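Please look over the sequence and the model shown here before reading on. The briefing after them is meant for a reader who is new to this structure.

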Amino acid sequence: MAAPLLSDELWSVIAPLLPAHRPRPRGGRPPVPDRACLTGILFVLKTGIPWEYLPQKMGCSSGMTRWRRLRDWHQAGVWDGLQATLLARLQAADCLDWDRAVMNASIVRAKGGGSIAEEATGPNPTDRARPGTKRHVLTDARGIPLAQVLTPANQNGITVFEQLLDAVPPVRGRVGKPRRRPDKLHADKAYDFPPPRARRALRARHIHARIARRGVDSSARLGRHRWVVESTFAHLNRLRRLSTRYERRKDLHDAVFTLGGCLLVCNHLLRLCQGF
């Protein structure tokens with residue numbers, strides 16, 4: 001029997017984060033149940049089909065309803081709250097490795113949008129200037145996503161280095177102050193630019209820099225610790241809706257991207273902690 005798209009355990013975590021429906025004093029049809037809508041959103045995320053092609057027999061209503069619900073939940077901060085909640089559960093089980101973090105970026109083609117910087121699309125320098133989006137991800141030593149940022153494909157990662165560091169939510173779950181900073185950060189030579197902007201930012205946050213130096217460090221062993229973030233990108237691209245960017249709007253692509261990261265955190269939670 002196939003595994004359900006939305007398990008009872010995951011739904012029990014998401015349900016308290018969803019905003020209440022607005023009252024309808026004039027009546028009308030009742031809103032589609034949130035669980036049915038979320039099931040449809042996950043189906044689109046994993047299969048990559050257009051919103052309007054979701055089979056009606058799934059009982060997930062129309063594609064526009066799911067699209068609006070995804071937009072509204074993203075604006076309400078549901079996905080960010082879900083990521084923080086799942087990370088807190090990993091932290092409570094001592095399954096987050098803060099000894100080192102890894103940062104990297106990956107470019108995907110943006111079929112739905114042109115070169116509009118406001119929507120995080122731009123000419124891809126590695127794909128004959130076709131529209132693309134660059135995804136910047138920060139993970140812990142096990143490859144668990146901690147934060148993510150979207151930029152146009154032609155924007156250098158150093159420009160959002162500090163933004164990505166500060167995007168890590170305060171992770172609770174243990175006695176004491178919530179954790180936000182790793183002990184060390186590994187990054188490749190793309191972040192080694194004069195002046196040493198990245199190293200200064202890490203020093204200000206009391207993080208030890210492990211950034212490969214141009215013309216000094218050999219490329220032979222640079223992936224010794226950084227392979228986990230490449231594995232994270234590979235797992236994200238297994239979600240068909242994320243292998244190529246189809247959403248024109250940045251907020252919607254950010255929503256599915258963050259939700260995809262939450263699914264990876266959920267998988268780590270099930271693997272390392274044997275459940276929620």
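This is a predicted model: local features need pLDDT of at least 70, side-chain atom pairs count only at pLDDT 80 or more; totals for chains, interfaces and linings use all residues.

Residues are numbered from 1 along each chain as its sequence is written, and side-chain values use heavy atoms, with hydrogens and water left out.

**Overall build**

- The protein has 9 helices and 6 strands, these being DSSP runs numbered from the N terminus (helices: H or I, at least four residues; strands: E, at least two).
- The radius of gyration, taken over C-alpha atoms, is 20 Å, close to the 19 Å that the globule rule gives for 276 residues, so the protein is as compact as a globular protein of that length; the rule is 2.2 Å times the number of residues to the power 0.38.
- Along the principal axes, the C-alpha atoms fill a box of roughly 65 × 50 × 40 Å.

- Helix H3 (residues 63-75) packs against helix H9 (residues 250-273) at an angle of about 85°, with their axes 9 Å apart; axes are lines fitted to C-alpha atoms over the stretch in contact, and angles run from 0 to 180 degrees between N-to-C directions.
- That angle makes H3 roughly perpendicular to H9, a term that covers 65 to 115 degrees.
- In this contact (heavy atoms within 4.5 Å), H3 contributes Trp67, Leu70, Arg71, His74 and Gln75, and H9 contributes Asp251, Leu252, Asp254, Ala255 and Val256.
- The residues of the contact of H3 with H9 divide into 5 nonpolar, 2 polar and 3 charged, where Ala, Val, Leu, Ile, Met, Phe, Trp, Tyr, Cys and Pro count as nonpolar, Asp, Glu, Lys and Arg as charged, and the others, Gly among them, as polar.
- Helix H2 (residues 34-47) and H9 cross at roughly 90°, and their axes come within 11 Å, which makes H2 roughly perpendicular to H9.
- Ile41, Leu42, Leu45 and Lys46 of H2 meet Val256, Leu259, Gly260 and Leu263 of H9, giving 6 nonpolar, 1 polar and 1 charged residues.
- H2 and H3 pack at an angle of about 100° with their axes 9 Å apart, so that H2 is roughly perpendicular to H3.

- The structure holds 1 cavity of 30 Å³ or more, a cavity being a set of points on a 1 Å grid over the protein atoms alone where a 1.4 Å probe fits but cannot get out.
- Its lining, made of residues with an atom within 4 Å of a point, consists of Val137, Pro145, Ala147, Gln148, Leu236, Phe257 and Gly261.
- Strand S4 (145-152) and H9 each give two or more residues to this lining, and the largest share, 3 residues, comes from S4.
- By class, the lining has 5 nonpolar, 2 polar and no charged residues.

Terms used. Angles under 35 degrees count as roughly parallel, over 145 as roughly antiparallel, 65 to 115 as roughly perpendicular and the rest as oblique. On a 1 Å grid over the protein atoms alone, a cavity is a set of points where a 1.4 Å probe fits but cannot get out, and a pocket is an open set with protein on both sides within 12 Å along at least five of seven lines; lining residues have an atom within 4 Å of a point. Grid points are joined across faces, edges and corners, and a volume is the space filled by probe spheres set on the points.
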